[in-house]
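Opening the notebook on a new model today. I'll jot down what I looked up, entry by entry.

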Amino acid sequence: MERNLFVLALPKTELDAVRSLGVYIFTNIQLADYDLNSSSAQNRWIRSLSDNLSDTAKNDLKLLRTVFAHGVILRDFYIQKTADLTMDWDAFIDWWKQLEESDMMELLIYGIRETMDYYYKYLPRIPVVEEAMQEVYLDERQLQDPDNRKKAVKAVLLSWSVPIEKVENNAADYDSLSDIKESIIRLIRAFWAAGLKKQWEEKQKMLAAWVRQQESLLSKSYRTNGEAIFAITGLYPDTAELENINRAEMITFVPVCNMERLLSFIQFDKHVYLMFDPQIETAGNKEKLADYYTAFEGLGDRTRLQIIDLLAENKEMFAQRIIQQLNLKQSTVSRHLNQLLQSGLVMVHQEGNTKYFSLNRDELKKVAESLHSFSNM
C-alpha cells in the first residue's frame, strides 16, 4: 500500500495593524443598526449615537440596511476598492462623492450577491424568497440588466423579511444609482455629525498607542492565525470560517471602539481584515503586569499549588519530604520546585547536601496585593 507522508503546512502569515476612519464609521453604523433593530442590550455609547440620529438618517439606514447588510457591504466595498484605508475625513467623503455610475453599479451588484450568498449559506429557506429567486440570475453580467436586478433586489428584501406589500416600493428605491449614492453619503455625514466625529478625534491618541503596543506581537510567529488573533485582541474567533482564517497569508487588524467582545472580519483572497475593540494598557499597568507574569504562571498548576500549601504549613521543607507528602515522583516534584523558584514564589537554601525550600512570603504578598488592585479597577 502506498502512503503519502507529506502534508501541506499552513502559510506563514504577515500581520499588520492600521487605523482607518472609514472602517471605524461603517462598523459603528453596523452596531447602531443592530441597536435600532434589536431588543437585546447594546453598548451605551452606541445607544446614545442612535438617539442622536435624525429621522432622515434613520430612514436612510432603514433603506440601505438590507441590500448593504447593516452597512457591512459598504465597509467591505470600501476596503476592497480603496488604495488608502488611512485617509482622513475629507478624503474619505470625497472618495464616495467621486464614485462613478459604474462604481455604484458594481457596489449594488456586490451587495445583492453577498446578501444572497449569506442567505443560502446561513439562513433557513423562506418560501417567498425561493419563489422570487426562480426568476433571478445572480451572475454579475446578468445583474447588469435592470429587470433582472430589480427582481434580485426584491428577493433580497424578502430574505430580510420585508413585508410583501412593501417590497415593490422599497425595491424602487434602488432603481436610481445616483439616489443610492446620495443616500450613502447623507448617511455617512449623519453618523459623523451624531457623535462619531467627536469620538474619533478623542480616541486618536489611544488608537495610536494601541498600534505601538502591538509592534512586538505583530512581528512574532504563531502556530495558527487563530492564536495570533487571540494574542493581539484577547478574543478567539468562534466562527465556522476559522479554517479559512488560518489559511490567510495576511491579517490586517483594524481597531474600532464600541465593539466590546465582538469580532468582525472580511476576507479577500488570502487577506483578512479583522475589526475589534482594542484594549489599551497604560505604561504603568503593562509594567506592573509584566512583573507578575512568571508569578501567575507559577500559581497556574495544581501540583505547584499543593507544594505552596505544604510550605505554608511548614517553615521549610526538603525535597524528599515534599515527595513523600504528595506521593509523586521525584522528577515531577523537582520540575515544579524549579518552576516555583523561577517565579520567585519559593526560596531555597542549602545545608550540606540537602536543599531546604520555603515560601517567599514577601513575593506572595505582592502578588496578592496586585490581584486585589485588579478587583478595584
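This is a predicted model: local features need pLDDT of at least 70, side-chain atom pairs count only at pLDDT 80 or more; totals for chains, interfaces and linings use all residues.

**Entry 1**

I started with Ser-161, which sits in the loop between helix H8 (146-159) and helix H9 (164-172); helices here are DSSP runs of H or I with at least four residues, strands are E runs of at least two, and both are numbered from the N terminus. Residues are numbered from 1 along each chain as its sequence is written, and side-chain values use heavy atoms, with hydrogens and water left out.

What made me stop at Ser-161 is its phi, near 65 degrees, a positive value in a residue other than glycine. Most residues other than glycine have a negative phi. Ser-161 is exposed, because its relative accessible area is 58% (buried means under 20%, exposed over 50%, partly exposed in between, with a 1.4 Å probe and protein chains only).

I also found Ala-69, with a positive phi of about 45 degrees although it is not a glycine. Ala-69 lies in the loop between helix H3 (55-64) and helix H4 (72-81). Is Ala-69 buried or exposed? Its relative accessible area is 16%, so I put Ala-69 down as buried.

**Entry 2: whole-chain numbers**

The protein chain has 18 helices and seven strands. Of its 377 residues, 45% count as buried. The accessible surface comes to about 21300 Å², and 47% of that belongs to carbon and sulfur atoms; areas are from Shrake-Rupley with a 1.4 Å probe, and for residues only the protein chains shown count as cover. For contacts (heavy atoms within 4.5 Å) between residues at least 6 apart in sequence, 64% join residues at least 24 apart.

**Entry 3: strands**

I looked at strand E1 (residues 14-17) for side-chain direction. E1 runs parallel to strand E2 (residues 250-255), with four bridges joining them; two strands pair if DSSP finds at least two bridges between them. Asp-16 has Thr-252 in E2 as its bridge partner.

Then I checked an open sheet of three strands, ordered E5-E7-E6 with antiparallel pairing. Its edge strands are E5 (317-318) and E6 (346-351), each pairing on one side only. Two bridges join E5 to strand E7 (residues 354-359), and Phe-318 stands opposite Tyr-356 in E7. Helix H17 (residues 330-343) packs on this sheet and touches E6 and E7. The direction of H17 makes about 115 degrees with that of E6; axes are lines fitted to C-alpha atoms, for helices over the stretch in contact, and angles run from 0 to 180 degrees between N-to-C directions.

**Entry 4: salt bridges**

How many salt bridges does a search of the whole structure find? I got 16, counting a side-chain nitrogen of Lys or Arg within 4 Å of a carboxyl oxygen of Asp or Glu.

I noted Arg-65 with Asp-33, where the closest N and O atoms are 2.9 Å apart. Arg-65 is in the loop between H3 and H4 and Asp-33 is in helix H1 (residues 21-36), so this pair ties together parts 32 residues apart in sequence. Both Arg-65 and Asp-33 are buried.

Arg-186 bridges to Asp-60, with closest N and O atoms 2.8 Å apart. Arg-186 is in helix H10 (residues 177-213) and Asp-60 in helix H3, 126 residues apart. Arg-186 is partly exposed at 37% relative accessible area, whereas Asp-60 is buried at 5%.

Arg-113 and Glu-140 have their closest N and O atoms 3.9 Å apart. Arg-113 lies in helix H6 and Glu-140 in the loop between H7 and H8, so the pair ties together parts 27 residues apart in sequence. I have Arg-113 as partly exposed at 33% and Glu-140 as partly exposed at 48%. I also logged a network: salt bridges that share partners join Asp-35, Arg-47 and Asp-51.
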